[in-house]
Amino acid sequence: MERTLVLIKPDGVARNLVGEILTRIERKGLRIVAMELRTLDEGTAKTHYEEHASRPFFPSLVEFITSGPLIAMVLEGERSVEAFRALAGATDPVAAGPGTIRGDFALEVQANLVHGSDSTYSAEREIKLFFPDLG
Ligand code: DAT
Ligand code: MG
């Protein structure tokens, strides 16, 4: 069964949207197999977003993702990588369709509430980073 790494970013926790987002995940039929509230250290944040290291927004992205507690989780289900990305909507919340998490609740590209792995390859790497003990 396919797994994906999902984050409810610090803006989602600060805005009390955890329940709303978890409801959408559960309603879709994705299964939560690991979940933890934690604040990322800078090293973990940089490793997580290493593909964006050369982008101009990288320092700001790292500062944002380490700015407060987030929820990290592993979801399991049929094509879960694609299924969660569809629930999340486009990276830019203004372009994200209504009915998606970003489309319904966010307005700014950085504070876009959630992260979901973009491929099964990324999912494997990110799950190892966040939940090294998960079998
Ligand atoms: P996604 O989170 O949809 O996979 P991404 O991997 O391209 O998007 O980028 C990672 C995060 O970086 C994204 O959720 C928000 C931030 N980001 C992306 N593009 C940005 C930009 N042009 N300006 C500021 N932040 C950006
Ligand atoms: Mg991405």
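The largest pocket of the predicted model is the space taken by ligand 1. Pockets were identified on a 1 Å grid over the protein atoms alone, as open sets with protein on both sides within 12 Å along at least five of seven lines, and lining residues have an atom within 4 Å of a point. A molecule is assigned to a pocket if more than half of its atoms lie within 2 Å of its grid points. The model is predicted, and local features need pLDDT of at least 70, side-chain atom pairs count only at pLDDT 80 or more, and totals for chains, interfaces and linings use all residues. Residues are numbered from 1 along each chain as its sequence is written, chains are lettered from A and ligands numbered from 1 in the order in which they are written, and side-chain values use heavy atoms, with hydrogens and water left out.

The shell around ligand 1 consists of Lys9, Tyr49, His52, Phe57, Leu61, Arg85, Thr91, Arg102, Val109 and Asn112, where a residue is included if one of its heavy atoms lies within 4 Å of the molecule. By class, four of these residues are nonpolar, three polar and three charged; Lys and Arg are among the types counted as charged, and Val, Leu, Phe and Tyr among those counted as nonpolar.

Polar contacts were defined as pairs of N or O atoms within 3.5 Å. A polar side-chain atom of Thr91 lies 2.5 Å from an oxygen atom of ligand 1. For Lys9, the distance from a side-chain N or O atom to a ligand oxygen atom is 2.9 Å, and for Asn112 a side-chain N or O atom is likewise placed 2.9 Å from an oxygen atom of ligand 1. Taken alone, ligand 1 exposes 520 Å², of which the protein buries 77% (Shrake-Rupley method, 1.4 Å probe).

An unreviewed UniProt entry places the feature "binding site" at Lys9, Phe57, Arg85, Thr91, Arg102 and Asn112. The lining of the largest pocket includes Lys9, Phe57, Arg85, Thr91, Arg102 and Asn112. Such annotations may be inferred rather than shown by experiment. Lys9 is located in the loop between β1 (3–8) and α1 (10–14), with helices (H or I, at least four residues) and strands (E, at least two) taken as DSSP runs.

The unreviewed UniProt entry also annotates residues 1–135 as "domain: Nucleoside diphosphate kinase-like". Over residues 1–135, the chain is 41% helix and 18% strand, with the end C-alpha atoms 13 Å apart.

Most residues other than glycine have a negative phi. Arg79, in the loop between β3 (70–76) and α5 (80–88), has a positive phi near 45°. Leu113, in the loop between α6 (101–105) and β4 (114–116), has a positive phi of about 75°.

Technical notes:
Polar contact = N/O pair within 3.5 Å; in protein donor to acceptor, adjacent residues only side chain to side chain. 1 Å grid on protein atoms, 1.4 Å probe; cavity = no way out; pocket = protein on both sides within 12 Å on 5 of 7 lines; lining within 4 Å.
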